[in-house]
Amino acid sequence: MIQLQLKVEPIPIVEPLVVRLRTSLPDTSAAASDHDARIVSHDAETADFDVNGFSLRVHTRHAESLDGDVVLIVPGRGTLHRLIRASSNHNTLLITEQCDQKCIMCSQPPKKYHTDMFDQFLQAVVLAPMEATIGLSGGEPFLHKARLLEFLRKAQTARPDIRFHILTNGQHFEPSDEADLKSLNMASILWGIPIYAANPSIHDLIVAKGGAFEILARNLAFLGKAGAVLELRTVVLNSNITELEELANHVTRHLSFSHVWAIMQLENIGYARMNWDAEFCDTSREFDSIATAVDLAVGRGLRTKLYNFPLCTVPPAYREYCTLSISDWKQKFLSTCDDCRLRSSCTGFFEWYPDKRGFSGIGSQ
Ligand code: SF4
């Protein structure tokens, strides 16, 4: 697994510090910055960087792989966080771990406390590679709406080339937010918003919040009116597998302005790990409900994608809808995949996928 945190020797700072590591001469695609930390020396185990006159020792065997990475160093801690990896398309900033929902398959179970890192995240965006796409997730980022909107405004002003992919539960918008949203460049933001069933009581049960569907329905319409580019996200569970056809009818009738509908397999982490046996649906055996939903949605002109589905678990006619959705740092393949001809176009598995309790229909193609 790719390491997102690296051991460092602590440096004398009193505030969190964001710097961009440089191990080679800067290219023309990223302007030099006072926040660049240049490599001074390295050996097989460590690399020393110059951070405004201080030496930052990073424990790594692959110093060159850090070139262009934007990292966060927190006072007194012996680790750095790779906020934005220059060589990756899968960079996400965790805005908060607080959430007002408690979804039964949540991969990042909510925590009570919040640390405001917007200033550091803004600096990270400023230092990001040209035309990067940066995810913003939680928890629920819009629990901190005023700060988040301010961050987006400043980030888009400083770096109009950056695209954002915001994951939000869609519960925290008001009509009065319209002007703020319209002041953003909405074309460069993809809004990933979950909807689990067209039946309000089933959706509410999955997100563990009474009345959530009603608020979601209102806010999806509001976001559409405000020009949001919407990615509807539906995780397939035993709780909603039989609801997919009705949901396909709902999204194509009421949410057809959406950019894409993503039907997603489950990630075995957080609450999903706890509820795996009850909720994991082996779609390598039971694909019919998904096929019907995809046929309906595509037939009615709604772009539809399958996220987190290994290709061999999907009938050949539906593989064109699969995407490389699993982030590089948490992606793995099984020994079965070693000689599979589809490997380069397959998303594989999450690092924590339990092969003994997962799909029964995995097989080299
Ligand atoms: S065997 Fe592995 S690489 Fe091949 S399709 Fe299945 S999961 Fe993907």
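Phe 173 and Phe 222 are both buried, a term that denotes a relative accessible area under 20%, whereas exposed denotes over 50% and partly exposed the range in between (1.4 Å probe, protein chains only). The model is a predicted one, in which local features need pLDDT of at least 70, side-chain atom pairs count only at pLDDT 80 or more, and totals for chains, interfaces and linings use all residues. Residues are numbered from 1 along each chain as its sequence is written, and side-chain values use heavy atoms, with hydrogens and water left out.

The rings of Phe 173 and Phe 222 have centres 6.3 Å apart and planes at 35°, so this pair is tilted. Rings of Phe, Tyr and Trp (its six-membered ring) are taken to pair if their centres lie within 6.5 Å; planes under 30 degrees apart count as stacked, over 60 as edge-to-face and the rest as tilted. Phe 173 belongs to the loop between S10 and H3, and Phe 222 to helix H5 (residues 212-225), so the pair ties together parts that are 49 residues apart in sequence. Helices (H or I, at least four residues) and strands (E, at least two) are DSSP runs, numbered from the N terminus.

Across the whole structure, a search finds 13 aromatic pairs. Because Phe 173 lies in the loop between strand S10 (163-167) and helix H3 (178-182) and Trp 191 in strand S11 (residues 189-194), the pair ties together parts that are 18 residues apart in sequence. Trp 191 is buried, as is Phe 173. One aromatic cluster consists of Trp 276, Phe 280, Phe 349, Tyr 353 and Phe 359.

Phe 349 is also one of the residues that surround the ligand; the others are Pro 310, Leu 311, Cys 312, Cys 337, Cys 340, Arg 343, Cys 346, Gly 363 and Ser 364. A residue is near a molecule if one of its heavy atoms lies within 4 Å of it. The shell around the ligand divides into seven nonpolar, two polar and one charged residue.

Helix H1 (residues 118-127) is mostly covered, as seven of its ten residues are buried. These buried residues are Phe 118, Gln 120, Phe 121, Leu 122, Ala 124, Val 125 and Leu 127.

Several loop residues were also examined. Glu 131, in the loop between H1 and S9, has a positive phi of about 60° although it is not a glycine. Glu 131 counts as exposed, at 61% relative accessibility. A positive phi, of about 50°, is likewise found for Asn 52, which is not a glycine. Asn 52 is located in the loop between strand S4 (46-51) and S5 and is exposed at 59% relative accessibility. The loop between strand S5 (54-59) and strand S6 (70-73) contains Glu 64, which is exposed with a relative accessible area of 55%. A cis peptide bond, with omega about 15°, joins Gly 138 and Gly 139, and Gly 139 is placed in the loop between strand S9 (133-137) and helix H2 (145-158).

How values were computed: Ala, Val, Leu, Ile, Met, Phe, Trp, Tyr, Cys and Pro count as nonpolar, Asp, Glu, Lys and Arg as charged, and the others, Gly among them, as polar.
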